[in-house]
Amino acid sequence: MSVASSWFKNPRLVKKIKHFHDHLKKNDGKIGTYHRGIELNFNNACNLRCKYCFTNSPKGDHVKDFLPISKLREIADEADELGFIEWDLQGGELLLRPDKLFEALDAIKPERFYLYVTTNGFKVDRKIIKELGKHGVSRMSVSLDSWDADFHDEMRGRKDSWKKAIQALEYIQEAGMDPYLNVTVGHYNAKSEDLKMLLDYSKKKRYRTLVNVACPTGMWNQVHDVVCDEEDIKHIRKLRKEYKNLNRNLWNPFDPKLEKIMGCTTVNRMYITALGDVLACPYVHIKIGNVFKNTLKEISDYGFRIKHFRNYSEKCLAGEDLNFIKKFNSTPGKTIFKPVEASEIFSKEDFVD
Amino acid sequence: MKNKEKYIDIFVKSLAIDKKKFSEKLKYNDIPEWDSINHMTLMSGLEEGFNITMESDDIIDFSSFKKGIQILKKYKIN
């Protein structure tokens, strides 16, 4: 028995998705300045110690801060007015404090959005899935690093985390939510047999696979050799056509030929931290505003004045574009909680008039 | 339905399925290719193929190949 209906049973959301679909059609398949989603680091505490964590959670960075519910409510109302489609609630690991998570979900009013939670799966069981369904969650994304359980556990810093993640996906599917297997792909694994086995598994189980390319940020700040090269990217595009259940945030999700790229989604999918800072995306640690000082509209307008975020880019700026990475996204000591100010890193020439 | 061949063709191409896998009994979520994301691709294929703009309610109600035939009648696609 399903605990959550899929997005297309929700008329309000269907209208928004249809609007987005029509926008892409009119805009030559490119995302432009469309408000697609909000990625919220509601709290940064985590039970795992991932070697490449982009939020520096293993270092205990701001693990006690939560974005206040009253502010969240306000942001969600404005996001709805602006036509934002989806929210990705993430951490840290938000299932460590389900009480707080449920409060956040209710504040967002899930009937207006496609709402999902990204998790390491460790705390997922049937009971919590049922509760999340009641609170309007349509999709759960579970991160897996490898088909090799030992390797995954080593990367995640905790025994049994692979087993728990695999089990979590089973529970999510059983409950009728959209199960997403999230995998990070870098130069180190793009063409590996291990990745192939993971993708085979996801397809066989009828999950969706979300491919995130490895980004040299957070614990991987300045580790540029993880970045996929052009051959790796070509290979990933080939996998898109081969597997058919693969997604990347910059791919056009409505293209039946599985070829079109709508462009890098910086600002389109802005990232809000528990301190209220708004970054261009989870992996571009450049601050474009703060929700305690600015409205989302002001933040979005400012972000899209920056040419790099406004102009179409076939490459993910944080994970594929080494020029952008080296010039703007490699500042030592920069984290999601100590981002670089856009006004400091960019010069006048980087802004549109 | 006069346009049945075209309708089937759009189904097969939009969901990127093998024609052998196609059946008129096909329902949403019966096969991995017809999931919530590809549903919108299918709607897009129908809009382009028949030069129509579908209402949100029809996108929601479009739960099977057969139901689709009824819905398309509203848009004078017979």
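Analyst: We begin with a term for packing: contact means heavy atoms within 4.5 Å. Helices (H or I, at least four residues) and strands (E, at least two) are DSSP runs, numbered from the N terminus. This is a predicted model, in which local features need pLDDT of at least 70 and side-chain atom pairs count only at pLDDT 80 or more, whereas totals for chains, interfaces and linings use all residues. Residues are numbered from 1 along each chain as its sequence is written, chains are lettered from A and ligands numbered from 1 in the order in which they are written, and side-chain values use heavy atoms, with hydrogens and water left out.

User: Against which elements do the buried residues of α4(B) pack?

Analyst: Buried means under 20% relative accessible area, exposed over 50%, and partly exposed in between (1.4 Å probe, protein chains only). In helix α4 (residues 65-74) of chain B, the buried residues are B:F65, B:G68, B:I69, B:I71 and B:L72. They pack against α1 (4-14), α2 (36-50) and α3 (56-61) of chain B. Just after α4(B), B:K76 adopts a positive phi of about 65°.

User: What is the secondary structure of chain B, and how compact is the chain?

Analyst: Chain B has four helices and zero strands. The radius of gyration is taken over C-alpha atoms, and the globule rule is 2.2 Å times the number of residues to the power 0.38. For chain B, with the element order α-α-α-α, the radius of gyration is 11 Å, close to the 12 Å that the rule gives for 78 residues, so chain B is as compact as a globular protein of that length. Of these 78 residues, 55% count as buried.

User: How many residues of chain B are in contact with chain A?

Analyst: The contact involves 23 residues of chain B and 23 residues of chain A. Buried area is the accessible area (1.4 Å probe) that two parts lose on being put together, summed over both. Here the two chains bury about 2000 Å² between them, with 59% of it on carbon and sulfur atoms. B:I37, B:M40 and B:I60 supply 32% of the area that chain B buries against chain A, more than any other three residues.

User: Is A:N268 buried or exposed?

Analyst: A:N268 is buried, with a relative accessible area of 0%. The residue lies in the loop between β7 (246-247) and β8 (269-272) of chain A. Leaving aside neighbours within four places in sequence, the contacts of A:N268 include A:Y34, A:H35, A:F84 and A:F304.
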